[in-house]
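Work through the exercises below with the structure in view. Try each task before reading its solution.

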Amino acid sequence: MQIIRTSIPDVLLFEPEVFGDERGWFCESFRQDIFEQHAGCHRFVQDNESFSRYGVVRGLHYQKPPHVQGKLVRVIRGEVLDVAVDIRKGSPTFGHHTAQLLNESNRRMMWIPPGFAHGFAVLSQTAVFSYKCTDYYAPSHDAGIRWNDPAIGIEWSVPESEIRLSDKDLHHPMLHEIEGIVLDA
C-alpha cells in the first residue's frame with residue numbers, strides 16, 4: 001500500500017498494490033494496521049455508497065460535534081474529483097482544500113479526518129462512490145458549506161452550466177458564516 005500526502009498534511013491517499021494476470025486482478029483495499037500507522041486510530045461504524053451521474057456535485061458536507069465524522073472514501077466505478085476542506089477552528093490550513101482524482105483504475109482511497117467538509121464531482125458518465133465513516137449519520141448535526149464559495153476556490157472540473165446539485169446543497173452557507181469545528185483533545 002502506497003501512502004501519498006496531499007497539500008493538507010492530515011488528508012492522505014491510500015493506493016493499494018494491484019496484482020493482475022489473464023484471470024483478472026486482486027488488491028487489498030483496506031488494512032487497519034497500515035491505516036492506523038499513517039492516519040491514527042479510528043473506528044469505522046458505518047459504510048455508505050452512492051450512485052451519481054456526470055456533473056453531480058455532492059457537498060460540501062460535514063457533521064457538527066459531537067458527531068463529527070472522518071471518512072475513508074473511494075470510487076468503485078467511474079471517476080470523481082474528491083474534495084476535502086479544512087474547517088478545524090485554529091488550524092493553520094483552515095479554509096484550504098485539497099482536490100484529488102479518484103477512479104476505478106487508480107483505486108485510491110482518500111482519508112478525510114474529522115473536522116473537514118467533504119464533497120465530490122462526478123467526472124465520468126456515472127460513478128459509484130463508497131465511504132466508511134467514523135460516526136453514524138446524525139441528521140440533527142448535518143451541516144454544509146456552499147459548493148462554489150469563492151473564499152475556498154474549488155475548481156470542480158465540470159462546466160458550471162452542467163453541474164447538478166440538490167436543493168439542500170444549493171443553499172448551504174458560505175465558509176465565513178459557519179463556526180469552525182473544535183475537536184476534543
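Two residues are in contact when heavy atoms of theirs lie within 4.5 Å. Keep in mind that this model is predicted.

**Exercise 1.** Find the residues that UniProt lists for "active site", and explain why they gather at one spot.

*Solution.* 
- Start with the record: the unreviewed UniProt entry lists His61 and Tyr131.
- Next, compare sequence and space. The listed residues span 71 residues in sequence, yet no two of their C-alpha atoms are more than 13.2 Å apart, so they gather at one spot.
- Finally, check the largest cavity: its lining includes His61.

**Exercise 2.** Is His61 buried, partly exposed or exposed?

*Solution.* 
- Locate the residue: His61 sits in strand 6.
- Apply the cut-offs: buried means under 20% relative accessible area, and exposed means over 50%.
- His61 has 22%, so it is partly exposed.
- Its contacts beyond four places in sequence include Lys71, Phe116, His118 and His172.

**Exercise 3.** Describe the largest nonpolar core and trace the contacts of Val85.

*Solution.* 
- Count first: this core has 22 residues.
- Leu60, Tyr62, Val85, Ile87, Ile145 and Trp156 have the most contacts inside it.
- Strands 6, 8 and 11 each supply at least two of its residues.
- Now take Val85. Beyond four places in sequence, its contacts include Leu60, Phe116, Ile152 and Ile154.
- Another core, of 19 residues, lies apart; Val73, Val80, Met110 and Phe129 are among them.

Conventions: Residues are numbered from 1 along each chain as its sequence is written. This is a predicted model: local features need pLDDT of at least 70, side-chain atom pairs count only at pLDDT 80 or more; totals for chains, interfaces and linings use all residues. Side-chain values use heavy atoms; hydrogens and water are left out. A nonpolar core is a set of buried Ala, Val, Leu, Ile, Met, Phe, Trp, Tyr and Cys residues joined through side-chain atoms within 4.5 Å. Buried means under 20% relative accessible area, exposed over 50%, partly exposed in between (1.4 Å probe, protein chains only). Helices (H or I, at least four residues) and strands (E, at least two) are DSSP runs, numbered from the N terminus. UniProt positions are given in the numbering used here, feature names are shortened, and annotations may be inferred rather than shown by experiment. On a 1 Å grid over the protein atoms alone, a cavity is a set of points where a 1.4 Å probe fits but cannot get out, and a pocket is an open set with protein on both sides within 12 Å along at least five of seven lines; lining residues have an atom within 4 Å of a point.
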